[in-house]
Amino acid sequence: MESWAEKYRPQSLSDIIGNTKVINDLKSWAGSWGEKMVKKGVILSGPPGCGKTSAAIALANDMGWEVIELNASDARSGAVIEGTALRAGLFQTFGSEGLSDRNLILLDEADNLYERAQQSKNKVKNYSDRGGKRAISKTLEQTKQPVVITVNDLYNLTKGTGAKIKRLCLNLKFQRPSVVSISTVLQMICQKENLEIDNETIRAMAENVKGDLRGAINDLQSLSEGNKKIAHDDLEKVGSRDRETEMFETLNTIFHGNTFDEPRTAIFDLNEPPRDVATWVSDNIPIVYKNPSDIDRAYSKVAYADLLLARVIRNQNYGLWGYASELISSGVALSKMHPTSGRRPQFPSYIRKMGASRFQRGYRDSLAKKVGAATHQSIKESKMEQIGVIATICQNDNSKAAEIVGSLDLNENELAILLNTDKKNKNLISIMEESQQYRQEKEIVTLDYIPVIEEKDEDEPKRIVPKNDNKQKSLFEF
Ligand SMILES: Nc1ncnc2c1ncn2[C@@H]1O[C@H](COP(=O)(O)OP(=O)(O)OP(=O)(O)O)[C@@H](O)[C@H]1O
Ligand SMILES: [Mg+2]
């Protein structure tokens, strides 16, 4: 399914919310490119999800420029940066509409483009300093095309050999969009997606994300799955964004760590049950790792951890938690022998799917409960044994179905599961109508007398109050 953050990515600079001054500066930089141009590149820095990449793409759209993008998943070595970015900077390329006047060279998420260069300094595994920063400054010096660099941590990019990059570029800092701006975007999306949600809930969502607009849009999307109406109480389901951020930070430590200790400390500091972390980690292994043998090794660690976690539940042996956590964190980290893909970890699809199917699962449980109550079985047993049988009966015999539905007092959602159809199915509606005769009226107990509350007996035993004198009291006086 398409992510809404992508679907609603601003197409023009005028659609970018907030950061007006930065956007104007960006426009005038682009407008002056080639003539009285001062700097050949621009650095857009700022926190995640505030519109940096979007601004770069929107700028290219507005100017009619072709985008040549080099993002963290493509490459991180100096050679690749030179091969792609610098070459694109020196020559004109064919765009979708023939020869385009200009190419916008976009070095997206530059934090990650040179990441290995720094990690390799004191680590055994040396993916080598591949001269990422040097390649960027070389590109900036020689390019005949505009360059946009986006980065979260400006200081990290521009320290050391990166000082040159800073000198060669115009520096624009993005601020976190305000709660009001975020609310406006969320409201627009709700309207387009026909979602029912009140202003107060939108505001609460906007406050929760602390300026991460992408996060806000993701939250909205996950709450809307299988649900057209979002209430304030639903917000609890997305959990606090702090927790999610911490989870992402831990994942980064695990996937990019090369030591035993760091990932281990990160997972122990994170206040989440190991099973949840395992879900996040295992879902992201094939995204972040790209070498098949790395993926294989990492999965066998997670699989073993899963075994231990199952034993924790079965035997209540919480001592195994520690080992499982170590396998999930340091085990997965040290399974990596090759460079990673550089892609950022994602919110686990499994949790998303479970979120989307939570209504379905809810009805399945309530159905199993009603059937189990009639057959004197547990929910689990009735799910495994009875529901299949009853479903077959209901699918083949309408009058039997009506009898079952009536006597078990099933609702249309539960019947829909048995018939494997949806609530609007004609057959289902007729069975529901026919089932009315089998539904027992609920007994209403009425009292035909007024209960009298008995009055309290007055004759309570009197306390012995000790006399207030200075004599030593005997035990019996109390
Ligand atoms: N200022 C904004 N105006 C409108 N939409 C925005 C804005 N900022 C973010 N968005 C929405 O959030 C999504 C993510 O934004 P974007 O990719 O531009 O963030 P970013 O600043 O590049 O983040 P990162 O540092 O994580 O790469 C966009 O696709 C868009 O839907
Ligand atoms: Mg970005």
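Student: Which domains does the shell around ligand 1 draw at least three residues from?

Tutor: Keep in mind that this is a predicted model. The shell draws at least three residues from each of domain 1 (4–173) and domain 2 (179–239).

Student: What makes a residue part of that shell?

Tutor: Its C-beta atom must lie within 6 Å of the ligand. For ligand 1, 23 residues surround it. The closest are P48, G51, K52, T53 and S54. The elements giving two or more residues are α1 (4–7), α3 (52–63) and α12 (213–224).

Student: How do the residues of this shell divide into nonpolar, polar and charged?

Tutor: There are 11 nonpolar, 7 polar and 5 charged residues.

Student: Why is strand β6 called mostly covered?

Tutor: A residue is buried if 20 or more other C-beta atoms lie within 10 Å of its own. In β6 (residues 147–151), 5 of its 5 residues are buried. Both faces are covered: V147, I149 and V151 are buried on one side, V148 and T150 on the other.

Student: How do you know that β1 and β6 are paired?

Tutor: Pairing needs at least two bridges. Strand β1 (residues 41–45) and β6 have 5 bridges, in the parallel sense. That passes the cut-off, so they count as a pair. L44 stands opposite T150 here.

Student: What joins β5 to β6?

Tutor: Strand β5 (residues 103–107) is joined to β6 by 3 bridges, and the two run parallel. L107 has I149 as its bridge partner.

Student: What makes the largest nonpolar core a core?

Tutor: Its members are buried nonpolar residues joined through C-beta atoms within 7 Å. This core has 56 residues. Those with the most contacts inside it are L26, A56, L107, L186 and A216. Helix α3 gives the largest share, 6 residues.

Student: How do you know that the core lies between domain 1 and domain 2?

Tutor: Domain 1 (4–173) and domain 2 (179–239) both give residues to this core, so it lies between them. In soluble globular proteins, nonpolar side chains tend to be buried together.

Student: Last one. Which residues are buried in α23?

Tutor: In α23 (residues 412–419), E414, L415 and L418 are buried. Seen down the axis of α23, its buried residues fall within an arc of 100 degrees, so they line one face of the helix. An α-helix has 3.6 residues a turn, so residues three or four places apart point the same way.

Student: What comes just after α23?

Tutor: N420, with a positive phi of about 55 degrees.

Note on methods: Residues numbered from 1 in each chain as written. Chains lettered and ligands numbered in written order. Predicted model: local features only at pLDDT ≥ 70, side-chain atom pairs only at ≥ 80, totals over all residues. Buried ≥ 20, exposed ≤ 12 C-beta atoms within 10 Å, placed from the backbone. Helix = DSSP H or I, 4+ residues; strand = E, 2+ residues; numbered from the N terminus. Arc of directions from axis to C-beta. Nonpolar A, V, L, I, M, F, W, Y, C, P; charged D, E, K, R; others polar. Domains from an automatic or database assignment.
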